Amino acid sequence: MSENKAQSDLFESPRSTWEGCSVLLDINDGDRLVFARLSSGATLKIGNKNCSLQPLLGCPFGSFFRVENGTQGPYLSRYTPSTEGNNVLEKGDGQSIDELRDNRALVDNNKAQSLTGEDINEMRRLGATGDEIVEALIANSATFEKKTVFSQEKYRLKKQKKYAPIVLLRRPFTRSICEAYLKKYPTRIGFLRMDTLSLLLSMANVSANSDVLVVDMVGGLLTGSVAERLGGTGYVCNTYIGGSPYPMDIARIFNFGDEICKRIVRSPLTDLFSVQNGLQKPDRISSPVSMEEVSLASENVISDLIPESTSSPVIKMSKPAKLGEKAPQEIISSWKEHGFSCLIIAAPELDTWSLVKEIFPLMSSSAPFAIYHQYLQPLATCMHNLQLGKMAIGMQISEPWLREYQVLPSRTHPCMQMNAFGGYILSGTKISPN
């Protein structure tokens, strides 16, 4: 019993931050997303203020912080947000109490606010908090009481973001990392959306104790997602063409422990083939982007996401667990004998059919596979060739579709702006050759 409990505690993610961990800082409800590595000397620039990240150490993930003005400068103070702003008083018949009010008589001529910029700066010098400044702006607005409740809430939220910004401390895991990269750097992850990534893992049947072969050219997001789902069991092997492995910088943001990092290995495609088993070493697959260019393009993934004003992070931060070591020879021998449990490919720069043709012999019989591509034609060509060669069954090409909804009292509707394209996925099951 104690051994099982120790095993479960070994893979349980800590609930609070620690020195050297990676975090996702959500500023003003998604207006800005920043990846940072916490240390006692790290700082973050919010607006025109530099704030130390030391108050975030030891705090639970999901905590809220607000920028406050102190005697020694701005600092992050932890607080509990109020949910009253989203609640709209309604009558018994479900109609809002201000339905007779509208904004047709309001004129935006910059004369409604009597509080000047000098007055706001004076309040700051006297130590006024951001909430006090927002309330002063509301009290000195000649048109605030004439607005509808919805307009009042929008006005308050706009001023709060400027004078009292809020920082949400989020845990970096598959969903948060994928959504943040899709919003900031979509090209680095091949425009891979979260629902598409979820379908990749499900269609490939990634489960405990699986040996997953991945071709990850999306910065390590796919490798980290598979390792997170495996939970320290099985192996995820990131294979590559040529002598230079593909970057895996995003996988290091997951804060994996040593046990999970040991399950993330690399191996060139040539080492996975065995002449004794009758498998020929694959020819070099041409790529429009050289490996040097790919490595150079992603060397700055972490540095671009860490705040520019971070001071001395290398000296004070703890060294992250190392992942992506070369696969041991005994593990490779086991893969050669039994084959991989499943295959996932996200390599937009490579020719899909040429890559699949070479990798397919490494999979075990009846192994599922899932291939992502931003465009349809490469997957259609690959599917056609697999059908002609009678190499797989149950193949289908899926186009994921996702619509987000705003859910608020009296204001539930689809979001006005959404991502209309999530790429394509080719999935199927490998069969044994005749």
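## Basis of the model

The structure is predicted, and local features need pLDDT of at least 70, side-chain atom pairs count only at pLDDT 80 or more, and totals for chains, interfaces and linings use all residues. Residues are numbered from 1 along each chain as its sequence is written, and side-chain values use heavy atoms, with hydrogens and water left out.

## Nonpolar cores

In soluble globular proteins, nonpolar side chains tend to be buried together. A nonpolar core is a set of buried Ala, Val, Leu, Ile, Met, Phe, Trp, Tyr and Cys residues joined through side-chain atoms within 4.5 Å, where buried means under 20% relative accessible area, exposed over 50% and partly exposed in between, for a 1.4 Å probe and protein chains only. The largest such core here has 40 residues, and those with the most contacts inside it are Val206, Leu221, Val226 and Ile344. Among the elements that give two or more residues to this core are β2 (32–37), α5 (174–184) and β12 (342–346), while α7 gives the most, with five residues; helices (H or I, at least four residues) and strands (E, at least two) are DSSP runs, numbered from the N terminus.

A second, separate core of 39 residues includes Phe273, Val356, Met395 and Tyr424.

## An aromatic pair

Rings of Phe, Tyr and Trp (its six-membered ring) pair if their centres lie within 6.5 Å, and planes under 30 degrees apart count as stacked, over 60 as edge-to-face and the rest as tilted. The structure holds ten aromatic pairs. In one of them, the ring centres of Phe421 and Tyr424 are 5.5 Å apart and the planes stand at 65°, so this pair is edge-to-face. Tyr424 is buried, with a relative accessible area of 15%, whereas Phe421, at 35%, counts as partly exposed.

## Salt bridges

A salt bridge is a side-chain nitrogen of Lys or Arg within 4 Å of a carboxyl oxygen of Asp or Glu, and the whole structure holds ten of them. One joins Asp26 and Arg170 at 3.6 Å, N to O; this pair links distant parts of the chain, with Asp26 in strand β1 (residues 22–27) and Arg170 in strand β7 (residues 166–170), 144 residues apart.

Another salt bridge joins Glu179 and Arg175, at 2.9 Å from N to O, and both residues lie in helix α5, four residues apart, about one turn of the helix. Glu179 is partly exposed at 31% relative accessibility, and Arg175 is partly exposed at 48%.
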